[in-house]
Amino acid sequence: MSKVKSFAGGAHPPGNKGLSSGAAVVRLPAPEVVTVPLCQHLGAPSKPVVKPGDEVKRGSVIGEQNGFISLPTHSPVNGKVLRVENAPMPHMRSGPAVVIKTESEDGGEVYEPISDWKNADISLIINRIKEAGVCGMGGASFPTYVKLSPPEGVKIDTLIINGVECEPYLTADHRLMLERADDLITGMNILARVLGVSDPCIGIEVNKPDAIKLLEKKGARVVRLKVQYPQGAEKQLIDAAAGREVPAGGLPLNVGVVVQNAGTCVAVADAVCKGMPCIRRITTVSGLGVTSPGNFDVCVGTPVSTLIEAAGGYRGDVQRLISGGPMMGMAMFTDAAPATKGMSGILALTPDEVRDVAEGPCIRCGKCVDVCPLRLCASVIATASEYGKWEDAEKAGALNCMACGTCSYVCPAGRYLVHHIKRAQNEIRAIIRAREA
Amino acid sequence: MAESRIFDLAVSPHIGSSQTTKRVMWDVVIALIPALIAAFWFFGPRALLLAGVSVGAAVLTEWLCLKFMKRPVNFAFDGSAVVTGLLLAYNVPAGVPWWLPVLGSAFAIAVAKQAFGGLGHNIVNPALLGRAFLMASFPVLMTAGWIAPMQWKDGERIDVQACGVPTAQLSESGELDALSGATPLNVLKQTFTWEGDPERSEEVRSMLFSRESLKNLFMGRIGGCIGETSVIMLLLGAIYLILRGVLELRLPLSYLGSVALFGWLFGGPGWLDGNALFHLLAGGVILGGFFMVTDMVTTPVTKKGRIIFGIGAGLLTMVIRRWGGYPEGCSYSILLMNLATPLIDRYTRPQSFGEVSSNG
């Protein structure tokens, strides 16, 4: 058995994964109406190519790629376009979306499978991953094909599959590793071939022994990781699994590494081997605010309210509705927002689970400094930010912060450290832009 | 379509550890209780009275200051003023008049804490500045108010001599007056200045360093300030804090290690012949090491900085004990290092993740 690896710093929030980790993935049929966002990926939104009244097929393009860091968007159903409008979004107030009336959910227009991917032209595979609209399924939703096209001269020698799922409550990747292990390994091998990497590995926290065992049995190389938040943060995962430190302000490819989420591997396998565009994902619905937490395979565009109903509906006093995990996820003001490719979970949290305290003065306990996985002094940056001293905040490394929230989690004074640091980041970036202009 | 519900928005993270400032402060108060029990046992009910008025004065002063400055007065009940009041009382001898700790606590809260902006903004440890204020203003009361500890035998209270040093003999030497309840560190300090009588000094020192004397130091059967004498009870409190995840061990360990090292290096009459254990157990080192060096507000936030702070405070403690004007240097050493904290923080900021590699 390989050694359990980890990174320096971090915290141990209660996992609460038992709520849903035993629940097998339930495939939800498409709802009567889907609201498909045109910006489910990081980068420029897709440009809508349909208008109200158009007939669309499952898998047909409804929004085309609009720039390098962008992706096309596909219809998850056969049906008729009702509207192209601004709709509430999980990660922002509202965004462009195509509203489609569902007629059926089979057949449709899928791509030609590339069954001989082991010998196919690599550019063909990358193009397929692009045209199928595959983006990072871990939450950041970065277009996958961009990560597979490193700049000239950059040599990638390591591919790490992120099966860590360090956010509390979330179990979607855990279930995906158990139930779609073969597709996961196929996707990993396709990505390894594209990148020219010979020995890819999967990083998994040791709280998922069944997934580790299964994937090892199927021949994958698993790196066991300690249960510690944020073990699944890209830089921390690379540090733990490959022993390399990504330069501040740099990318994993600067140290020859590409990281892809476990869900992304499955999406890649679907796109390449089945020609299936990215129109579904597995997501966790959990928290003490839902009756029966579980994991669901859903169409993008399915309203969050439908997901909540699938989990038995709300229970008790729901204080907060979150898209993603409780550490980095976004609070949503409405459950009318639709599911997206990057939605790893929906949490309905009760007042018992949410920490909602008045912000007190910093008592300089230094806990935020102890736990920061990026070795930043969060309290120093946050204080500079509160006083509007953007230069001080920048000098203290504000731009390196990835907002993992570990500092806020441990802060006894309940300071909104992440909020203050994010604000400083915005201000500093504005200053830098002004300087360059 | 059903009216859809509007949920609250908030920034991530949405969950947090159960540790709050209030819980930290009250944990410290709980951890200080065993030493108070020891003080009651050895110095009598007067120790409780002084601790009580000191805490009362601290909380009242905090409340008045907050009221006066139109700030939320519930800060007065977050436990931090209670900690300050208790620590102030622990740092005065049990024989002082009741108004002395009241004055000290009021000064600690009003001047050392609230004048700088209240919780989290004070530069030096309020309780220690309060003590320094009392030492400067009432030096006689603060150094003559020692009470010899009491011992119980067959249901009756009997006085014991300070750490096994026979009182009569000490008085006979003509150099030491009224030492019946003197602290062991006082006695040690005087042995360094008995010029012309090296044999006598050696004899007293060997008594101080004897197994029985060290045992008394450990239990607290010695003269000293109210809360500093009973090492075992202070350690009990420290263990509680460690179990509650309140105590970060870099500060206490580097401080105690530094006191032991420098105590051995120059804590005796010559070089390399000090008794490290005696220096650890005597005076306020254990109280300071676990409850004042560890004051979060006035010590560095960086890991390296905390170790530097502890070593520096230990060195200063021993320098004052050996060559300074006072027999005990614990409180002044911490105050001096408090002042160096911003500087230490500035120069020990860790290199952030990936910075080394990006700079080549």
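How many Å separate the centres of domain 1 of chain B and domain 2 of chain B, taken over C-alpha atoms? I looked it up and got 22 Å.

**Before going on.** I am working with a predicted model, where local features need pLDDT of at least 70, side-chain atom pairs count only at pLDDT 80 or more, and totals for chains, interfaces and linings use all residues. Residues are numbered from 1 along each chain as its sequence is written, while chains are lettered from A and ligands numbered from 1 in the order in which they are written.

**Domains of chain B.** I found domain 1 at 21-144 and domain 2 at 249-345; such bounds come from an automatic or database domain assignment. Next I checked where they meet, counting two residues as in contact if their C-beta atoms, placed from the backbone, lie within 7 Å. Domain 1 of chain B brings 14 residues to this contact, and domain 2 of chain B brings eleven.

On the domain 1 side, α1 (21-43), α3 (80-90) and α5 (126-137) of chain B each supply at least two residues. Helices here are DSSP runs (H or I, at least four residues), numbered from the N terminus. The largest share of that side is from α5(B), with four residues. I sorted the side by class and noted nine nonpolar, four polar and one charged residues. My classes: Ala, Val, Leu, Ile, Met, Phe, Trp, Tyr, Cys and Pro are nonpolar, Asp, Glu, Lys and Arg are charged, and the others, Gly among them, are polar.

**Chain B against chain A.** Here I read 36 residues from chain B and 57 residues from chain A. On the chain B side, α1 and α17 (355-358) each give at least two residues, and α17(B) gives the most, three residues. This side of chain B divides into 14 nonpolar, 17 polar and five charged residues.
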